[in-house]
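Hi there,

Here is the structure I promised to pass on.

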Amino acid sequence: MEKTLAELQREVDQYISQFKEGYFSPLAMLARMSEEVGELAREVNHSFGEKPKKKDEADNSIELELGDILFITICFANSLGIDLTEAHNKIMNKFNTRDADRWTRKDTD
């Protein structure tokens with residue numbers, strides 16, 4: 001089932017809102033995001049790099065690590081009142097204007 005960014009933000013907010021602690025502070029979320037990016041780097045290195053997993057290491061996946069990053073990104077945005085759909089639109093506008101001629105386009109014959 002596909003969900004919009006707004007739906008994802010509401011779903012995460014409903015989950016977090018059931019706990020007295022609520023959202024972590026922005027600094028704590030940045031630390032958590034950094035940890036999750038490190039875990040993604042480890043999985044990518046195991047899958048595509050020269051460092052194989054140890055036999056006793058947990059079986060994580062790139063998909064799950066990306067999911068963790070998405071979750072903490074949504075938490076971060078929610079805690080700061082940021083609409084991720086609007087943020088995405090602004091970023092795409094930036095890429096479509098500033099970087100419009102930066103890359104070689106595929107032929108559309």
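Below is what I found in it, starting with how the values were made.

This is a predicted model, in which local features need pLDDT of at least 70, side-chain atom pairs count only at pLDDT 80 or more, and totals for chains, interfaces and linings use all residues. Residues are numbered from 1 along each chain as its sequence is written, and side-chain values use heavy atoms, with hydrogens and water left out.

Let me begin with the helices (DSSP runs of H or I with at least four residues, numbered from the N terminus). Helix H2 covers residues 26-48 and helix H3 residues 62-80, and their axes come within 9 Å and cross at roughly 165°. The axes here are lines fitted to C-alpha atoms, for helices over the stretch in contact, and the angles run from 0 to 180 degrees between N-to-C directions. H2 and H3 are therefore roughly antiparallel to each other; that label applies to angles over 145 degrees. The crossing of H2 past H3 is left-handed, meaning that the near helix is turned anticlockwise from the far one by less than a right angle.

Next come the salt bridges (a side-chain nitrogen of Lys or Arg within 4 Å of a carboxyl oxygen of Asp or Glu). The structure has 4 of them. One of these joins Arg32 and Glu36, at 3.6 Å from N to O. Both residues belong to helix H2 and sit 4 residues apart, about one turn of the helix.

How accessible are these two partners? Here, buried means under 20% relative accessible area, exposed over 50%, and partly exposed in between (1.4 Å probe, protein chains only). Arg32 is partly exposed at 26%, while Glu36 is buried at 6% relative accessibility. Glu43 is in helix H2 as well, and its relative accessibility of 6% makes it buried. Between Glu43 and Arg32 there are 17 Å in space, C-alpha to C-alpha, and the two are 11 residues apart in sequence.

Which residues does Asp99 pair with? One partner is Arg98, with the closest N and O atoms 3.0 Å apart, and another is Arg102, where the closest N and O atoms are 3.7 Å apart. Asp99 itself is buried, with a relative accessible area of 11%, whereas Arg102 is exposed at 52% relative accessibility. Through shared partners, the salt bridges link Arg98, Asp99 and Arg102 into one network.

Met92 lies in helix H4 (residues 84-98) and is partly exposed, with a relative accessible area of 35%.

Finally, helix H1 (residues 5-17) contains Asp13, which is partly exposed with a relative accessible area of 32%. Asp13 and Tyr23 are separated by 10 residues in sequence and by 8.9 Å in space, C-alpha to C-alpha.

Best wishes

Methods. Helix = DSSP H or I, 4+ residues; strand = E, 2+ residues; numbered from the N terminus. Parallel < 35°, antiparallel > 145°, perpendicular 65-115°, else oblique.
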